[in-house]
Amino acid sequence: MKMKEELKYLVIDTSLENITNLNLFIGNKSTNIIYDESRAHLKNLILGIKEILERSNLKISDLNFISINEGPGSWTGLRIGYATLKVFAYINKLPLITYNNFEIILHKNKILNGLMLIKSSNVNYYFSLVNEGEVAQKGIIPEAELLLKFPNLEKFYLEEDLKLIEEVILQKFKNGNFANIFDVEPDYITEGLIISKFEK
Amino acid sequence: MKKDVIILAIETSCDDTSVAVVRNGAEVLSNIVWNQNMTHEKFGGIVPELGARRHLKVINYVIEEAIKSSGIELKDLDAVAVNNQKGLIRSLVVGVAAAKTISFSLNIPLISVHHIEGHIYSNILSHPELKFPHLCLTVSGGHNLLVLVNTHFSYEIIGNTLDDACGEVFDKVARFLNLGFPGGPIIDKLSKEGDSKKFKFSRPMLDQDNFNFSFSGLKTEITRFYEKNKNNSDLKIVDVAASFQQAVVDTLIGKTIKAAKKFNLTQISVVGGVSANSKLREDFKNYENKFGFKVFFPEMGYTTDNAAMIGAVAYYKFLNQSFEDLNLDVFPNRPL
């Protein structure tokens, strides 16, 4: 018998260009739907939400909140995910929690000083520089420049781990850390494009 | 069957985020447009990624305002409609994602509309006396078409631009002359103080036996003219603007009247952002008696991109039960 106190929430990730990733949590159990199709977030996302709810016999009104990956990642992917979930939150009066890929890396590694890296394309990485436990700088950097620019820093990469995501999200839920569904935007990271070879 | 049909319509194809509530395809209960001019004006043109970000940022504000000012509630909606055909793809996806989400959440039908179809219906919305068949001139920053509108959803494109749309040329000329963005309204205003007969610029392709348009040559003509004469102390920008505007207006009207005569149509519908141009309206009206046709222009709020026109089309699609599945995608370059 399902406990009424079990939290039920959707976790959506459209930060990769070709993967639409949906997880439905009922308590600490989750079900998953993944679409592996290039440029298909728009086509698949709402259908995926419908399907994943139906599989668990849930209605939209059974959900406690919804959650989305803020990025950084594919701008178009994030845009489609955000457009969907912002409006979903508004129409269905559900709280929205966002989580950032860098947060996930930090949560796993408890970094004091280091460089967090997420692949952005074949040649570039999103990076976030951590200095004495604080994020000092964020940006985009070509892989070829990484060693030149940050030679001595320990590097931390994003690993797919649903458990970490669940922990980060639940912590935010406990703290009432909900997004403003009118203003919230993905993490585009447009500052700090560093191409030291071509810097004048 | 329910007598009134209330549709929520969404339009995010370019740089205006618009949501409207329309009853029975004719009564606009609300039409909210969030314009992005301030985002793009320093670039002199639309930057697609910035535009797309603005749509995402404001979408819930616009939806809420459209609902609140319409006087109806979400539960009163019979369908949701969206332009998913024609526009900047990064902007379109925001509106389509929103519409699909609303359709699923409220369990109401989803209707897809073509952007240009929306413009065609902006006049049907404004003028119930406009009947089928009629000729439609669609002129904006992105479109420059002559369309035979035979009946609902039955269109035949008889003329198109081979290069720039005239609205785009207004923007480019205005940018070149450092007049600001968007160019159309600025040139319209300045031209009122200028002499439209001062300089005789080309009326492109007017003598050709087709209904196509080409404005990039005219644009080059203006820029070359200005470069050559800008140091002439007698040269007044208002005269350049007025003469340029007249060249565009004469071309549009000339081609349209020719088409109306050929296809024996006495009703001419002029839609799109450039249909707001005061000289185009004035000159067309002057030709009405001379050539025996009636020309229709949308109310000013429906000339530029707006969701009310999408809601107007959607009503007729609703009656036709033309609904879409939840796997609806965008088709940014689909022809009418």
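How exposed is B:Phe291, in terms of relative accessible area? B:Phe291 is partly exposed, at 31%, where buried stands for under 20% relative accessible area, exposed for over 50%, and partly exposed for what lies in between (1.4 Å probe, protein chains only).

Here are the ground rules. This is a predicted model, in which local features need pLDDT of at least 70 and side-chain atom pairs count only at pLDDT 80 or more, while totals for chains, interfaces and linings use all residues. Residues are numbered from 1 along each chain as its sequence is written, chains are lettered from A and ligands numbered from 1 in the order in which they are written, and side-chain values use heavy atoms, with hydrogens and water left out.

**Aromatic pairs**

Rings of Phe, Tyr and Trp (its six-membered ring) pair if their centres lie within 6.5 Å; planes under 30 degrees apart count as stacked, over 60 as edge-to-face and the rest as tilted. By this rule there are 25 aromatic pairs over all chains.

| Pair | Centre distance | Plane angle | Class |
|---|---|---|---|
| B:Tyr121 and B:Tyr316 | 5.8 Å | 45° | tilted |
| B:Tyr287 and B:Phe291 | 5.7 Å | 40° | tilted |

Helices (H or I, at least four residues) and strands (E, at least two) are DSSP runs, numbered from the N terminus. B:Tyr121 is buried, with a relative accessibility of 0%.

B:Tyr287 and B:Phe291, in turn, share helix α9 (residues 278-291) of chain B and lie 4 residues apart, about one turn of the helix. B:Tyr287 is partly exposed, at 29% relative accessible area. Over in chain A, one aromatic cluster is formed by A:Tyr9, A:Phe25, A:Phe65, A:Phe173 and A:Phe178.

**Where the chains meet**

The contact (heavy atoms within 4.5 Å) draws 28 residues from chain B and 28 residues from chain A. About 2800 Å² is buried between the two chains, and carbon and sulfur atoms give 68% of that area; buried area here is the accessible area (1.4 Å probe) that two parts lose on being put together, summed over both.

The interface has 2 salt bridges, each a side-chain nitrogen of Lys or Arg within 4 Å of a carboxyl oxygen of Asp or Glu. One of them joins A:Glu185 to B:Lys57, with the closest N and O atoms 3.7 Å apart. On the chain B side, the elements that give two or more residues are α2 (48-70) and α3 (89-106). Of these, α3(B) gives the most, with 12 residues.

A:Tyr188 touches both chains: leaving aside neighbours within four places in sequence, its contacts are A:Trp75, A:Arg79, A:Tyr126, B:Glu49, B:Arg53 and B:Leu56. This tyrosine lies in the segment after α5 (162-174) of chain A and is buried, at 8% relative accessible area.

**A buried glutamine**

Back in chain B, B:Gln245 belongs to helix α8 (residues 237-262). What does B:Gln245 count as, at 3% relative accessibility? B:Gln245 counts as buried. Beyond its neighbours within four places in sequence, B:Gln245 contacts B:Phe170, B:Ile187, B:Asp188, B:Ser191, B:Asn277 and B:Lys279.
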